[in-house]
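Here's a quick briefing to read with the model open on your screen.

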Amino acid sequence: MKKSTLVFSAILMACSTITALAADVSGAWTGQMGGPNGGGFQISFTFKQEGMKLTGSVAGPQGESVTITDGKVDGDKVAFNISFNGMTIKHEGTISGEEMKLTSKADQGDFPGGEIVLKKSK
């Protein structure tokens, strides 16, 4: 075998190992989101991952779906935005197996940010 073929093969193997380590978040995830007055509500996310690109939607207690934008998955890190009522809420977090921990922050001060722990639905 030529030296260049061996180097190329080693690079391919390294890349496939990195891809295998990346989390696959495709599917349905649910959790509780805290409310401003101490209460909370059920929130459901549906994700579709293609490589590092993340798309999907989120549904709150009223059941209306909001589209996820600017989504990406990088290893065990996830980030995406949702927009409604003229506001954008950024979500960033980590994935560990069947659990995703997110921190959310709105671009407007009226909407409190917070933390959400999601569990992957079976």
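Ring pairs tie Phe45, Phe47 and Phe80 together into a cluster. Rings of Phe, Tyr and Trp (its six-membered ring) pair if their centres lie within 6.5 Å, with planes under 30 degrees apart called stacked, over 60 edge-to-face and the rest tilted. By this rule the count comes to three aromatic pairs. Keep in mind that this is a predicted model, where local features need pLDDT of at least 70, side-chain atom pairs count only at pLDDT 80 or more, and totals for chains, interfaces and linings use all residues. Residues are numbered from 1 along each chain as its sequence is written, and side-chain values use heavy atoms, leaving out hydrogens and water.

**The ring cluster**

- Phe45 and Phe80 sit edge-to-face, at 5.7 Å centre to centre with 70 degrees between the planes.
- That pair links distant parts of the chain, with Phe45 in strand 2 and Phe80 in strand 5, 35 residues apart; strands (E, at least two residues) and helices (H or I, at least four) are DSSP runs, numbered from the N terminus.
- Phe47 and Phe80 have ring centres 5.5 Å apart and planes at 65 degrees, so this pair is edge-to-face.
- Phe47 is in strand 2 and Phe80 in strand 5, 33 residues apart, so to speak a link between distant parts of the chain.
- Are Phe47 and Phe80 buried or exposed? Phe47 counts as buried at 3% relative accessibility, and Phe80 counts as buried at 1%; the cut-offs are under 20% relative accessible area for buried, over 50% for exposed and partly exposed in between (1.4 Å probe, protein chains only).
- Phe45 is buried, and so is Phe80.

**The core around it**

- The largest nonpolar core has 23 residues, and Phe45, Phe47, Phe80 and Met100 are those with the most contacts inside it. Such a core is a set of buried Ala, Val, Leu, Ile, Met, Phe, Trp, Tyr and Cys residues joined through side-chain atoms within 4.5 Å.
- Among the strands that each supply at least two residues of this core are strand 1 (27-34), strand 2 (40-50), strand 5 (77-84) and strand 8 (114-120).
- Leaving aside neighbours within four places in sequence, Phe45 is in contact (heavy atoms within 4.5 Å) with residues including Trp29, Ile68, Phe80, Leu102 and Leu118.

**A buried serine**

- Ser104 lies in strand 7 and is buried, with a relative accessible area of 4%.
- Not counting residues up to four places away in sequence, Ser104 touches Met33, Ile89, Lys90, His91, Gly113 and Gly114.

**The largest pocket**

- The largest pocket is lined by 18 residues, and Gly60, Pro61, Gln62, Val66 and Phe84 lie nearest its centre.
- Strand 2 gives the most to this lining, with three residues.
- The lining residues divide into 12 nonpolar, five polar and one charged; Ala, Val, Leu, Ile, Met, Phe, Trp, Tyr, Cys and Pro count as nonpolar, Asp, Glu, Lys and Arg as charged, and the others, Gly among them, as polar.

**The whole chain**

- The chain has one helix and eight strands, running α-β-β-β-β-β-β-β-β from the N terminus on.
- Buried residues make up 26% of the 122 residues.

Note on methods. On a 1 Å grid over the protein atoms alone, a cavity is a set of points where a 1.4 Å probe fits but cannot get out, and a pocket is an open set with protein on both sides within 12 Å along at least five of seven lines; lining residues have an atom within 4 Å of a point.
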